[in-house]
Amino acid sequence: MSRYFALLPAAGVGARMGADQPKQYLELQGHPMLWHAIRAFDAHPAISAVQVVISPEDGWWDAYDWSGFCRLRVARAGGASRAASVLNGLSVMDAEAEDWVLVHDAARPCLSRALLDKLLDELSADPVGGILAAPVADTLKRAGEGGRIQETVSRERLWGAQTPQMFRYGVLRSALERAGSGVTDEASAVEALGMSPRLVESDRTNLKVTFPDDLALADWLLSRGS
Ligand code: C5P
């Protein structure tokens with residue numbers, strides 16, 4: 001029987017947030033953002049272990065109490081890119097080629113149990129795996145010079161990729177080894193192997209906290225117990 005592992009890369013600095021601490025440690029509802037991302041998986045009975053990857057220079061992790069989590073492991077193995085951090089996390093995990101790995105951004109603290117269940121239900125029998133994603137709602141513009149619109153991009157069949165991104169351990173490891181550091185998500189590395197990951201429809205509550213105003217929205221969603 002294949003097992004399910006969560007892998008949370010949390011070695012970024014969150015430069016776009018402009019805060020004086022890495023964004024995964026910014027406080028939401030009395031806990032660092034990363035705590036909420038871990039909890040979504042640690043609380044799920046199907047998940048065997050939750051592997052977090054932090055930067056070797058991380059001076060924040062030890063300041064918090066993580067003892068309430070029973071399946072949590074941490075590796076000070078962050079790399080120069082998200083892809084490198086994920087690959088380093090995979091290399092310390094005790095997983096078999098056919099086990100599933102759910103890679104999730106530390107900066108998505110509002111993942112609901114319902115969305116995680118939906119991803120597991122829809123992909124557990126899938127030959128490739130896939131990702132949570134939401135159809136693009138806005139009309140998209142490509143910027144040109146001087147803050148002016150260069151062109152309008154059709155949003156037809158466009159989806160915003162979210163996480164978790166769920167793939168077999170063996171496939172994901174070889175995909176990332178081949179892809180190099182340029183990929184910004186796991187699916188694109190798997191796509192480069194010629195496979196077509198499934199899109200599992202999500203919603204915008206699973207937001208990625210990137211800019212300062214995302215933080216208040218995430219705090220409000222967590223206060224509702226989403
Ligand atoms: O910067 P961005 O929000 O795209 O990062 C997505 C996730 O990848 C975050 O959880 C961040 O901590 C992680 N990351 C990482 N190692 C890096 C860069 C980003 O683990 N070198």
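Predicted model: local features only at pLDDT ≥ 70, side-chain atom pairs only at ≥ 80, totals over all residues.

Visitor: Is Gln21 buried or exposed?

Guide: Gln21 counts as buried, because its relative accessibility is 18% and the cut-off for buried is under 20%.

Visitor: And what lies 3.4 Å from a polar atom of its side chain, the one of Gln21?

Guide: That is the backbone oxygen of Tyr25, which lies 3.4 Å from a polar side-chain atom of Gln21.

Visitor: OK, switching topic: where is Ser112 found?

Guide: Ser112 belongs to the loop between strand 6 (100–103) and helix 3 (113–123). With a relative accessibility of 14%, Ser112 counts as buried, and a polar atom of its side chain lies 3.1 Å from the backbone nitrogen of Leu115.

Visitor: How far apart are the C-alpha atoms of Ser112 and Thr139?

Guide: Those two C-alpha atoms are separated by 27 Å, while Ser112 and Thr139 are 27 residues apart along the chain.

Visitor: What about Gly170, which helix is that in?

Guide: Gly170 is in helix 4, which covers residues 169–179, and with a relative accessible area of 24% Gly170 is partly exposed. Its C-alpha atom is separated by 8.9 Å from that of Trp100, although Gly170 and Trp100 are 70 residues apart along the chain.

Visitor: Now the ligand. Which residues come nearest?

Guide: There are 15 residues around the ligand, and of these Pro9, Ala11, Lys23, Ser85 and Lys208 come nearest.

Visitor: Which polar side-chain atom lies 2.8 Å from a nitrogen atom of the ligand?

Guide: That atom belongs to Ser85, whose polar side-chain atom lies 2.8 Å from a ligand nitrogen. On the backbone side, an N or O atom of Ala11 lies 2.9 Å from an oxygen atom of the ligand, and a backbone N or O atom of Ala10 lies 3.4 Å from a ligand oxygen.

Visitor: How much of the ligand's accessible area does the protein cover?

Guide: The ligand has 460 Å² of accessible area on its own, and the protein covers 83% of that. The space that the ligand takes is the largest pocket.

Visitor: Which elements give two or more residues to the shell?

Guide: Those elements are strand 1 (4–10) and helix 2 (82–92).

Methods:
Residues numbered from 1 in each chain as written. Heavy atoms only, no water. Near = heavy atom within 4 Å. Polar contact = N/O pair within 3.5 Å; in protein donor to acceptor, adjacent residues only side chain to side chain. Areas by Shrake-Rupley, 256 points an atom, 1.4 Å probe, with all protein chains shown as cover. 1 Å grid on protein atoms, 1.4 Å probe; cavity = no way out; pocket = protein on both sides within 12 Å on 5 of 7 lines; lining within 4 Å. Sits in = over half its atoms within 2 Å of the grid points. Helix = DSSP H or I, 4+ residues; strand = E, 2+ residues; numbered from the N terminus. Buried < 20%, exposed > 50% of the residue type's maximum accessible area, 1.4 Å probe, protein only.
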